[in-house]
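Student: I would like to learn how to read a structure feature by feature, beginning with a single residue and widening the view from there. Could we go through one together?

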Amino acid sequence: MKKITMLHLSDAHMSIRHADVIAERISAVCAALSKEQLIPDLIVFTGDAAYSGKESEYQLFFERLVRPLLTSFSISPENFVIVPGNHDVDRDKIDSLQQAGLSNFISKPEEMDDIWRKVEQRSKLLSRQEAFANFTKQKKLTAVSRVVDVYDTSIGFACLNSAWLSASDNDKGNLVLSRAQFNDACQLVENADIKVALWHHPFACLHETDASRSKAQVLQRFHLCLNGHLHEEDGSITLSPEGRSQIFVCPALHAKGEKSGFMCYQIDMSERKLDIHAFRWNERKGLFVYNTDFSDNGQWSGKLLGQDSLSEKAIVAQRKTTALRQTQCAARLSRHLPPVVIGKREFSVEERFLEPYIITPSLPKPKRISSREIIHSKCSYIIEALPQAGKTALLDKIGLKLSQLGIVTAFARFSDLTGIERSKKGLISFLASTLNCSKVDSKNLLDCPITILLDDCDLRYDLPEWQLLTEWQSEQANLRVIATGRTTTLPQSREKVKNWKNLSIQPLPVSLVRKEVHRLEDLAGDQFQSSSNIQSTLTTLIDAELPRWPWVILLLFELAQKFQVSDVRSVEGILRKYADLRLGAFETSGTDRSATRARMLRLLATEMINSQVKCMTEKSVISIFDQEIASCGLEADGREILKELLYSQLLTRDESGVHFTFFILQEFFHAEYLRESLWSDVEQLDLDAVIQKSGALVFFAEMVKIPSLLKRCLEMTHSVKGSSSVSNLMESLANLKLSPVDPNAVVEIAKSAIPSDDEIEAIVSNAEVEQQGTRERRALSKPQSMEQLEQFIHGFSTSVAVMRGSRWLDKTLKQESIAQTLDLAISIVSEIAVDQNLLRTIATHAVESSLRRELAAVVNALLVLIVASMLAVLGAGQHLASTLREMFKAEQDDLKRLMLLMWYTEVGGTELKSMIEELVYNASHSFTVRLATMWLFSKFVMASSFSHVAKIDFEQLLRIAAEEQARRYSSSSKNKTAAFQLKAEADKIVQNARKLRDTHNFETEVFDASGHDGE
């Protein structure tokens, strides 16, 4: 028996404006079908032939679309089957009073059935589609239900009008098909071999009451159901819960770019086989090609379903199971996706679901795969991803969609497969326990399409669980598996699962992040506050090593609506929201289990930080939990708590042990522990340990917002300042002088005193014996000798971090904090300066003692500038400007004044000229002026590329410092220098700076022009 070929088109929206485009597309349709030897016997068109339901548009529709198709494939007009859409309604004929009255009956199925049956009332409503009806009658097209014979096969087309109540572009929820219309159509096609229902709108556009009734009617009575309307649809397949029919959605012919498309069906009645060919428009080539978003090759084959496809027992079990799974998957999905409420608008689960970035890791070019392609494919998949990537949410989304398609979906964890029999009996037992049904029902379900969704898989394919799945699939042709597991870096042989497709979930590209944020903005509508700094908060998340996973975008979107945040506070807010979500994601109402989990996480984080480890054995973690449970009299079990926390994905377990999924979670829960246990008595806090071992102090300070706590923290930070002699640093810097010839001459002379390579080797060897190695060697061989410097650096980092978030501190605390931070900065320089490192060792062996002092001074000066620059940049904050200026005026120590000035410059200070003059003219030591000159020299060179300050400002400041430096050198020498000569010396420094600045800018411009300057 010859195959029956049916062409499916939809949504032409014909008008004078679009006529040529549609004609071009129809020509391409004919070319594509001829090329693939798909010669249609029938053509179906599922609505929106015209743009506004006018007679002239239908004439264009016939000339540009119908006639070319009928002529090209020698099809009679009766075999062109068409139904109306919402654009086939002439809205000029809509009676607004009549429409308002109808709104009272739409939710009442019996009333709508009555309106359809009353010919006079129905005729008034159908008069809106008068042009459509006249056109189809005149051209003898099939627009009413009838049976068509093709190759000795009778095909009954039920032409359903889903647009008979359509009145606007906002029809969703206001449309009705009605049972009466179904009954009329079904009677006309009841005895056909193949029964096909076609209408325009998807069920989601109908009123919910009518939608449920209509869907049940359609899926029980027809083999194929065809519709259109969805312009963004690439074509899709839906299987009815009864396993008796299939719904096909055709893309729009008039759609943007590659969304335009059509579908073609081939039916082999001898084998009851159905083949589908999906095409989409290729803008670049200007023709239709196979749609690989629909399936791998744009084609799909399956069985033509019917009344005898499944036994009644299988249908009953399938219907009961899929209905339950839909409810379960929807509930699970809502728990995995953070709730988003903007104003009064609460986003639904469907709206909140963000498509993960799923790719095929195949070379040379990975390809992105949509979840819809996974859903409609017949293949089994292994999806690898990092923790938090959204694997479980993706499985729940797939499970929800599969259940809606009538496919039995069993959701399980990989560990649930352990110890199960490999026979069919084992599969029946597995389905019974997973689906919570009897073994009799699970046995009946074996006749249905079944998909096992496996989460948290161990991707070692030599495990018996993988062999079990493979054997089940070999016995059950309608069984497939979609498995997710944590990405592993170890190479694994996939021989045992070689027929499965491998996919990977990757972080969302920034472009897709923006796209999703815009989508959410559109959903929120007018209630969305567009001034929220979403991009800034997103940057903070990425800096905090929270990758661009879908759930992060949801949290970001809601957070950005609520408040403008500083870096620390935004991360803290997101972590708190995320932790609350994960701790209670699987909670049952009326329990305090989530509070117990949070308590254990706080304890575990503190234990890890106190022990200076990032990972613990599973046994140790359970022991810690059990001890806490016993001491507090809790009703819990440590092993179960750990299992729940691993399931929450706040903790992760691998071959190294148990650890927090993100490093920042450990600090967050440690800060929570500090806040909970030390809220009333800050004096109990061992800040020495906190400063050295954790950044949680910053979170703690931000969360509790107690100024006295910060004061105590900074006092403790200051107390760790060691006994290193600052006088050595001062003495060294005091030897820093200016050569009368060239400001760099001192460094050059010092370099010339450096011995040869052989001499250096001997010097270093002796130094190793005498001093037990340089700082690098000591750090490796004797870590304890580094503790002093580590304390200073931890204290410095902590105090600077607190200063960044200190906007809410009062002025006294700010001043105290700044003073103690400066002390720590100088302590760091002093500790490094007194160390006998390689450069000082070489300087010590220089012949002239003056060169030793000069070289040491140059090194220490650079250290001061480096640490001061770190302080200025890391501790930058506009709110500190006035405090820094006041402290500068009150400070007596030269080095601290210079550091304050550098800090003030970075936060946008405005009184730089007077402050520079005050510093260099009143400095107690010449080396202060020398340091200021070195700083301004580098600032001037870099300013034109990296600063918003005008070049002339820094040149002027550099000249002030350089002239004072020259004057001081002249005063210390025997020969006094005239004023014009001092100016000439300063000019040399400025000219040298100009040359270096020009060279620097030239190199920067060349670098920029080369296109290698990053993102």
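Tutor: Ala192 sits in the loop between α7 (179-189) and β6 (194-198), where helices (H or I, at least four residues) and strands (E, at least two) are DSSP runs numbered from the N terminus. This is a predicted model, in which local features need pLDDT of at least 70 and side-chain atom pairs count only at pLDDT 80 or more, while totals for chains, interfaces and linings use all residues. Residues are numbered from 1 along each chain as its sequence is written, and side-chain values use heavy atoms, with hydrogens and water left out.

Student: Is Ala192 buried or exposed?

Tutor: Buried means under 20% relative accessible area, exposed over 50%, and partly exposed in between, with a 1.4 Å probe and protein chains only. Ala192 has a relative accessible area of 8%, and therefore counts as buried. Leaving aside neighbours within four places in sequence, Ala192 is in contact (heavy atoms within 4.5 Å) with Val147, Ser154, Ile155 and Gly156. From C-alpha to C-alpha, Ala192 and Asp149 are 9.1 Å apart in space, although 43 residues separate them in sequence.

Student: Which residues does Lys139 contact, beyond its neighbours within four places in sequence?

Tutor: They are Gln59, Phe62 and Pro77. Lys139 is found in the loop between α6 (130-138) and β4 (146-150), and with a relative accessible area of 17% it is buried. Its C-alpha lies 8.4 Å from that of Phe62, a residue 77 places away in sequence.

Student: Where is Ser145, and what does its side chain reach?

Tutor: Ser145 also belongs to the loop between α6 and β4, and its relative accessible area of 13% makes it buried. A polar contact is a pair of N or O atoms within 3.5 Å; within protein, one must be able to donate a hydrogen and the other to accept it, and residues adjacent in sequence count only if both atoms are side-chain atoms. Here a polar atom of the Ser145 side chain lies 3.0 Å from the backbone nitrogen of Cys159. Not counting residues up to four places away in sequence, Ser145 touches Phe157, Ala158, Cys159, Ala185 and Leu188.

Student: How should I read a residue in a strand, such as Thr409?

Tutor: Thr409 is in strand β19 (residues 408-413), and at 0% relative accessibility it counts as buried. The side chain of Thr409 reaches the backbone oxygen of Ile407 at 3.1 Å. Beyond the neighbours within four places in sequence, the contacts of Thr409 are Arg325, Gly399, Leu402, Ser403, Leu435, Thr451 and Leu453.

Student: What should I make of the phi of Ser74 and of Asn436?

Tutor: Most residues other than glycine have a negative phi. Ser74, although not a glycine, has a positive phi of about 50 degrees; it lies in the loop between α2 (55-73) and β3 (80-83) and is exposed, with a relative accessible area of 69%. Asn436 likewise has a positive phi, near 60 degrees, in the loop between α13 (424-435) and α14 (439-445), and at 66% relative accessibility it counts as exposed.

Student: Which residues of helix α37 are buried, and where do they lie around its axis?

Tutor: An α-helix has 3.6 residues a turn, so residues three or four places apart point the same way. In α37 (residues 912-922) the buried residues are Leu912, Met915, Ile916, Leu919 and Val920. They cover an arc of only 120 degrees around the axis, which puts them on the same side of α37; the arc is that of the directions from the helix axis to the C-beta atoms.

Student: How many helices and strands are there, and how much of the protein chain is buried?

Tutor: The protein chain has 40 helices and 24 strands, and buried residues make up 53% of its 1015 residues. Among contacts between residues at least 6 apart in sequence, 74% join residues at least 24 apart.
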